[in-house]
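Biologist: I have a structure open on my screen and I'd like to learn how to read it. Could you walk me through a few features?

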Amino acid sequence: MRITVLAVGKIREKYFRDALEEYKKRISRYGKLTIVEVPDEKAPENLSPAGEAQVLEKEGDRILEKIPEDAYLISLALEGESPDSPGLARLLEKLPHQGYGHVCFLIGGSLGLDSRVKEKSRMLLSFSPMTFPHQLMRVILLEQIYRSFRIIRGEPYHK
């Protein structure tokens, strides 16, 4: 299976980059992982609703340009479904049988994802009703992808 993580912004903190590299290495035993970053827009704290919409639109344009055509799209969004780890594993396990050998996870910037990106997605996925930094969400996502592959293969993994 091919996995693409398409995310807004760069990872600046070394500890996040180290964690991502570790999970990329672990996932490589099960499939091909590609991480694609698109530039984020500067979004000051006191941005107006119109300004927020403009930021989301610009970031959305960048994401839409990079979406792989053959991929099953899953957007990370607070309003999405919240499966448990075995549920995510079941989803990833069944997708190749449905003709999807490529899954693309979409992670927005600090304001989330443009509605056009969400509408193009086959699934909205939420890890929690809480808000996390988008850099940390990449690490959490890769950990859950790795955990899913371990579950699918019946391999032990700490709980």
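This is a predicted model: local features need pLDDT of at least 70, side-chain atom pairs count only at pLDDT 80 or more; totals for chains, interfaces and linings use all residues.

Biologist: Let's start with strands. How many residues of strand β3 are buried?

Modeller: Seven of the ten residues in β3 (residues 72-81) are buried, so the strand is mostly covered, taking buried as under 20% relative accessible area.

Biologist: And which strands are joined to β3 by bridges?

Modeller: Look on both pairings in turn. Four bridges join β3 to β4 (residues 102-107), and the two run parallel. In that pairing, isoleucine 74 stands opposite phenylalanine 105 of β4. The chain gets from β3 to β4 by way of helix α3 (residues 85-94), and this β-α-β crossover is right-handed. Strand β5 (residues 123-125) is also joined to β3 by four bridges, again running parallel. There, serine 75 stands opposite leucine 124.

Biologist: Now a single residue. Where does isoleucine 35 lie, and is it buried or partly exposed?

Modeller: Isoleucine 35 is in strand β2 (residues 32-38). Its relative accessible area is 25%, so it counts as partly exposed, the class between 20% and 50%.

Biologist: What does isoleucine 35 touch, leaving out residues up to four places away in sequence?

Modeller: Val5, Lys24, Arg138 and Leu142. Take arginine 138: it is 103 residues from isoleucine 35 in sequence, yet the C-alpha atoms are 9.5 Å apart in space.

Biologist: On to helices. How does the span of α5 sit against the expected value?

Modeller: Helix α5 (residues 134-152) has 19 residues and reaches 27 Å from first C-alpha to last, close to the 27 Å expected at 1.5 Å a residue. The helix is mostly covered, with 15 of the 19 residues buried. Just after α5 comes glycine 154, which takes a positive phi of about 70°.

Biologist: Is glutamine 135 buried or exposed?

Modeller: Buried: glutamine 135, in α5, has a relative accessible area of 14%. Leaving out residues up to four places away in sequence, glutamine 135 touches Lys10, Ile11, Glu13 and Phe16.

Biologist: Which parts does the pair of tyrosine 30 and phenylalanine 149 tie together?

Modeller: Tyrosine 30 is in the loop between α1 (14-27) and β2, while phenylalanine 149 is in helix α5, so the pair ties together parts 119 residues apart in sequence. Both residues are buried.

Biologist: Which residues do ring pairs link into a cluster?

Modeller: Tyr23, Tyr30, Tyr146 and Phe149. Click on those four and you'll have the cluster in view.

Definitions and conventions: Residues are numbered from 1 along each chain as its sequence is written. Side-chain values use heavy atoms; hydrogens and water are left out. Buried means under 20% relative accessible area, exposed over 50%, partly exposed in between (1.4 Å probe, protein chains only). Contact means heavy atoms within 4.5 Å. Two strands pair if DSSP finds at least two bridges between them. A crossover is right-handed if, with the strands pointing away from the viewer, the path from the first strand over the helix to the second runs clockwise. The expected span of a helix is 1.5 Å times one less than its number of residues. Rings of Phe, Tyr and Trp (its six-membered ring) pair if their centres lie within 6.5 Å; planes under 30 degrees apart count as stacked, over 60 as edge-to-face and the rest as tilted.
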